[in-house]
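Reader: I am new to reading structures. Could you take me through a single part up close, and then show me what is around it?

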Amino acid sequence: MAKSMLGRLTSENFIEAIYHDDSLNDRTDTVLESLAEDIQPFAEDVDKDNVGEVLFDLFKQSLDFIVNPELENDRIIASAKEASRKAKGIYGLGLLEDCRHTCSYPGCGKHLQTVNDKYHTVNNYEVAGIKGSRSLSYENLIAMCHDCFQNYVFKHTKTEEKDLVTIKKLQSDARSMRQTLDEVAIEKGITKVIYNLSKAKPTQLLSLNYDALRVPEKIDEELYLFLVDEVTGHVTKYYLFIEKTMKDLAQQSQLSDGLLRAQIADSYRKLAEKKKSPEIIYSALSEKIRSITKQDIRFCSIVVSYFIQSCEVFDAITK
């Protein structure tokens, strides 16, 4: 029957029937817009002005698939690539980060970025629906190279699908852990350090030996006398307490010591690149920590002084 219909099908009569009713009256824009909206999932560029032509092409294509089953593969890959295009627009960068820019398919390690002749990095990947492309939810999507994408879309086993579900969970868990680590190190970890400092008792504060001070090596005393005096006073009185507090919190997994130090050092570098004075950098770092922890600025400045002594802030003076 499909073959017979194809032989008799003409675009003129078909399209005429779309735009006019049995009495040859023009169909309203509302009717045509509604029809265009209904078939938009299958033809993105359809509107009320071309809905007749688009619908004819879709109908003819459907009959072609029935008469020639091999054309079904073209439809499957075209549909999957359209879903991939939409998914990349919504989740693409996050999915690439999840898989570390390498194909997510088991046994494949192809990189999902290429460098063109102008040394520009170009993303080169597809997004597959693990359990079909109908659902464009983050939980159902995973990044792959073009070859693995095509093989999976055409045909895959339940075992392969299960493997991808497992890989997706690993990727999602890794993303969650990265976010948690950032929160602990910046928002929670340093807040606990400052909170403990604010509650410190005089008996807990052991003075640092003045000979161990590095502050004069990092801030020019002739130019910034008051800053050196303030930081030196903080370090002498509070350094050992903060050092012990950070070690204790790290052992309790309430603070990532290495990450926190790296982030403080990076913050300093960004300020130093702007050629700001030690006083401005000291003040800016104290305010930054205050904005994160919502604690008294005095305690925040003491913590910045700690990082000056422990070498995350300010480089040794070259004379």
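Author: First, a term. Helices here are DSSP runs of H or I with at least four residues, strands are runs of E with at least two, and both are numbered from the N terminus. One more thing before we look: this model is predicted.

Now the overview. The protein chain holds twelve helices and four strands. It has 319 residues, and 35% of them count as buried. Take the contacts between residues at least 6 apart in sequence: 65% of these join residues at least 24 apart.

The part to study is helix 11. Helix 11 covers residues 278-293. Start with its length. Helix 11 has 16 residues, and at 1.5 Å a residue they should span 22 Å. The C-alpha atoms at its ends are 22 Å apart, so the expectation and the model agree.

Next, its buried side. Which residues of helix 11 are buried? They are Pro278, Ile281, Tyr282, Leu285, Ser286, Ile289 and Thr293. Around the axis they cover an arc of only 130°, so they sit on the same side of helix 11. There is a general rule to keep in mind. An α-helix has 3.6 residues a turn, so residues three or four places apart point the same way.

Now its partner. Two packed helices are described by the angle between their axes and the distance between the axes. Helix 11 packs with helix 9, which is residues 225-251. Their axes are 11 Å apart and meet at an angle of about 45°. Helix 9 and helix 11 are therefore oblique to each other. Who makes the contact? Helix 9 brings Leu227, Glu230, Val231 and His234. Helix 11 brings Pro278, Glu279 and Tyr282. Sorted by class, the contact has four nonpolar residues, one polar residue and two charged residues.

Look at what follows the helix. Lys294 comes after helix 11, and its phi is positive, near 60°. Ser253 is not a glycine, yet its phi is positive, near 60°. Ser253 sits in the loop between helix 9 and helix 10, residues 257-272. Is Ser253 buried or exposed? Its relative accessibility is 62%, so Ser253 counts as exposed. His101 is not a glycine either, and its phi is positive at about 60°. Its place is the loop between helix 5 (72-98) and strand 1 (113-115). With a relative accessible area of 24%, His101 is partly exposed.

For another helix with a buried face, turn to helix 6, residues 146-154. Its buried residues are Cys148, Phe149 and Tyr152. Seen down the axis, they fall within an arc of 105°, so they line one face of helix 6.

Last, helix 7, residues 158-198, which holds Ser172. Ser172 has a relative accessible area of 23%, so it is partly exposed. At 25% relative accessibility, Ser198 counts as partly exposed. Ser198 and Arg298 are 100 residues apart in sequence, but C-alpha to C-alpha they are 9.4 Å apart.

Conventions
Residues numbered from 1 in each chain as written. Predicted model: local features only at pLDDT ≥ 70, side-chain atom pairs only at ≥ 80, totals over all residues. Heavy atoms only, no water. Axes fitted to C-alpha atoms, helices over the stretch in contact; angles between N-to-C directions. Parallel < 35°, antiparallel > 145°, perpendicular 65-115°, else oblique. Contact = heavy atoms within 4.5 Å. Nonpolar A, V, L, I, M, F, W, Y, C, P; charged D, E, K, R; others polar. Expected span 1.5 Å × (residues − 1). Buried < 20%, exposed > 50% of the residue type's maximum accessible area, 1.4 Å probe, protein only. Arc of directions from axis to C-beta.
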